[in-house]
Amino acid sequence: MREEFCAYFQPKVASPSGAIIGAEVLARWHHNTDGTVPPSQFIATMEEHNLIHLLSYSLLKQTLSLLSYNRDILKALQFSINLSVKELEDIKLPEKLESICEEYCTPTSQITLELTESHLLENIKRALDVLLRLKLKGFKLSIDDFGTGYSSIKQLNELPFDELKIDRCFVDGCSTQPNKRVIIASTCEMAHQLGLEVVAEGVEEVEDLVVVQSYEVESVQGYYYYPPCTPSEFLQTVSESALQKSHSSK
């Protein structure tokens, strides 16, 4: 995997304290002529040509490298890596990811693997065995973009997830759209009854933040708090947040 593909980090904050508790790792392609290319323009092509696993491995290694060199700052944070459902076709995936974590002396429990709901449901039987073994290896599992794939409670109960992420399409504008609030409320109630933590994605306005907090989401991602940033920017952000927390506690 060429070094043109770089890891960016979007901080994930606790609700309602706003303290940084982790980050989602996002891919960016620094193209020689086109500049920075978002994942929407290359992920599907990489999946089509069976290259997506190389991107996942690269992002995981970049994340663990950053963590290993800055363990004093990042040791308490949880990092989320997006996996393609196509990668679950590899029966050896759990061992491969575990080996990468061992290489960087990082516990698998510090890594959350995110899978998109709509794609997962198309291959649920095939994926279940690999998901269970990832869980046994100590990885945390998250179901991403929830609400776009029409999961049933039964299906969620069968899958070994720890976390559910409410898709940004339901979060954005929820303060003024009652239908979105109903979806968020029912999703949070269902997730909590199943023992899952809930993340609200795409929070950009304070009014929407107040709504999702009222339904007791555990954490929040979005531009209201922080946009995706480079590794150096992320380290600075985490350091400044920790310093502010230290001053406020005195």
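Start with the largest pocket, which holds about 790 Å³ of space. A pocket here is an open set of points on a 1 Å grid over the protein atoms alone, where a 1.4 Å probe fits, with protein on both sides within 12 Å along at least five of seven lines. The volume is the space filled by probe spheres set on those points.

This is a predicted model, in which local features need pLDDT of at least 70, side-chain atom pairs count only at pLDDT 80 or more, and totals for chains, interfaces and linings use all residues. Residues are numbered from 1 along each chain as its sequence is written, and side-chain values use heavy atoms, without hydrogens and water.

Next, select Glu-24, Leu-26, Pro-39, Asn-82 and Asp-144: of the 31 lining residues, these lie nearest the pocket's centre. (Lining residues have an atom within 4 Å of a point.) Now colour β2 (20-31), α1 (43-48), α2, β4 (78-83) and β6 (140-146), the elements that each give two or more residues to this lining. β2 gives the most, with five.

Then move to helix α2 (residues 52-69) and helix α4 (residues 93-103), whose axes, lines fitted to C-alpha atoms over the stretch in contact, come within 10 Å and cross at roughly 25°. That makes α2 roughly parallel to α4 (angles under 35 degrees).

Finally, show the side of α2 with Tyr-57, Leu-60, Lys-61 and Leu-64, which makes contact (heavy atoms within 4.5 Å) with Leu-93, Lys-96, Leu-97, Ile-100 and Cys-101 of α4.

Note on methods. Axes are lines fitted to C-alpha atoms, for helices over the stretch in contact, and angles run from 0 to 180 degrees between N-to-C directions. Helices (H or I, at least four residues) and strands (E, at least two) are DSSP runs, numbered from the N terminus. Angles under 35 degrees count as roughly parallel, over 145 as roughly antiparallel, 65 to 115 as roughly perpendicular and the rest as oblique.
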